[in-house]
Amino acid sequence: MRQAGSGGAGNAVVLAADETYAKLAWVAARSAAAQPHRNFDVWLLTPPAVAAALPAAPGLNIRAVSLPAGLSQAGGPAHMSPFAYARLAAAELWLPDYDRLLYLDADTRLTGGLAPLFALEMGGALAAMAEDCGEYLGEAAGREDWDAYRRRIGLPLASPYFNSGVILINAPLWRAERLWERAAAFIAARGPALRFMDQDALNVLAAGRVRELSPRWNFPTHYLGLGLEAGLAPRVIHYLNVLKPWRDPEWASLYGRREAAAFAALFRDSPWPDFVHPGLASALPWRRRAAARAARAARHVPEEALRGHVRRFAALAPRLRREL
């Protein structure tokens with residue numbers, strides 16, 4: 001499986017995306033493959049029809065994969081794809097020759113080198129992840145009746161809850177403990193009830209066996225614009241908010257035009273130079289209005305909930321600075 005002449009001494013960065021996020025994943029994977037002095041291979045896992053349509057890029061390996069029977073129909077929130085479960089299967093089904101896998105979500109932007117992360121001492125941890133920013137959202141973003149929900153699906157109330165957008169996987173231990181086989185059974189039994197799909201499954205199955213990463217390795221959109229970047233120096237920015245920097249003109253006004261421009265620059269020399277909506281950074285009011293209407297129509301979270309998120313994080317800025 002490992003590529004001849006590759007940069008990886010048993011290490012790989014892996015992204016997994018279906019058609020909806022394939023272009024984003026390709027651009028993020030290309031960025032990883034272009035990092036100087038990298039000590040890892042780079043893989044993009046995607047369904048066969050999508051893989052056939054994606055172009056080649058230096059250092060990027062594209063592999064066509066299909067979810068095991070049953071999981072493609074596992075169900076879950078309408079705005080999420082069952083292909084999210086592919087990250088849990090990668091170490092066992094498709095990339096069995098690696099010792100460390102660093103999974104990255106497609107909606108991420110790399111702002112620093114990833115190589116040092118592979119030197120992290122894992123011990124008996126199955127994975128290393130950053131704590132989910134939902135801790136600061138209270139009852140917003142699917143956290144209604146959170147304690148009751150955690151009990152119902154077996155999430156330990158005393159355990160931290162981690163975000164699965166960046167996962168450093170201890171692959172030999174993952175395979176030895178048959179984590180994917182256990183995850184598949186868990187998902188088959190509870191799939192439609194899982195609010196956060198793969199993230200819930202991993203938090204249940206790896207409870208007490210996760211090493212916590214600094215948020216610099218998974219820096220969520222919510223933290224942007226609060227003065228946290230200077231102290232943390234993020235290396236992976238994760239656009240996990242409902243607002244997205246490729247389609248929502250409000251994004252730049254909330255989180256900064258410099259960040260929006262940096263994201264848009266990733267696509268200029270890609271096969272999809274017009275992927276980012278022109279209303280995002282345009283000075284033309286009609287473009288911004290048109291983009292805003294399209295964005296609102298596509299969202300699954302009401303406008304008031306979005307405003308609530310912004311108000312809550314702005315109010316929590318002092319606490320976030322202390323804790324992060």
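Visitor: Which residues of strand E2 point one way, and which the other way?

Guide: In this predicted model, local features need pLDDT of at least 70 and side-chain atom pairs count only at pLDDT 80 or more, while totals for chains, interfaces and linings use all residues. Residues are numbered from 1 along each chain as its sequence is written, and side-chain values use heavy atoms, with hydrogens and water left out. Helices (H or I, at least four residues) and strands (E, at least two) are DSSP runs numbered from the N terminus; in E2, 6 of 6 residues are buried, meaning under 20% relative accessible area, with exposed over 50% and partly exposed in between (1.4 Å probe, protein chains only). All of these residues being buried, one set is Asp 41, Trp 43 and Leu 45, and the set pointing the other way is Val 42, Leu 44 and Thr 46.

Visitor: Which residues touch the most other members of the largest nonpolar core?

Guide: A nonpolar core is a set of buried Ala, Val, Leu, Ile, Met, Phe, Trp, Tyr and Cys residues joined through side-chain atoms within 4.5 Å. The largest one has 64 residues, and H1 gives the most to this core, with 9 residues. Leaving aside neighbours within four places in sequence, the contacts of Val 13 include Leu 102, Leu 104, Leu 114 and Phe 118. The residues touching the most other members are Val 13, Leu 102 and Leu 114.

Visitor: Is Asn 170 buried or exposed?

Guide: Asn 170 lies in strand E7 (residues 166-170). Not counting residues up to four places away in sequence, Asn 170 touches Asp 99, Met 122, Gly 123, Ala 125 and Leu 126. At 10% relative accessibility, Asn 170 counts as buried.

Visitor: Within what arc do the buried residues of helix H10 fall?

Guide: The expected span of a helix is 1.5 Å times one less than its number of residues; for the 12 residues of H10 (257-268) this should be 16 Å, and the end C-alpha atoms are 16 Å apart, which agrees. The buried residues are Glu 259, Ala 260, Phe 263, Ala 264 and Phe 267, while the face turned away from the buried side carries the exposed Arg 258 and Arg 268. The arc is that of the directions from the helix axis to the C-beta atoms. Seen down the axis of H10, the buried residues line one face of the helix, because they fall within an arc of 130 degrees.

Visitor: Which elements do the buried residues of H10 pack against?

Guide: Two of these elements, E5 and E10, belong to an open sheet of 3 strands in the order E5-E10-E9. The buried residues of H10 pack against E5, E10, helix H1 (22-33) and helix H9 (249-255).

Visitor: How far apart in space are His 309 and Tyr 136?

Guide: His 309 is found in helix H12 and, at 6% relative accessibility, counts as buried. The buried residues of H12 are Leu 306, His 309 and Phe 313; they fall within an arc of 55 degrees, so they line one face of the helix. His 309 and Tyr 136 are 173 residues apart in sequence, and their C-alpha to C-alpha distance is 9.5 Å.

Conventions:
Contact means heavy atoms within 4.5 Å. Two strands pair if DSSP finds at least two bridges between them.
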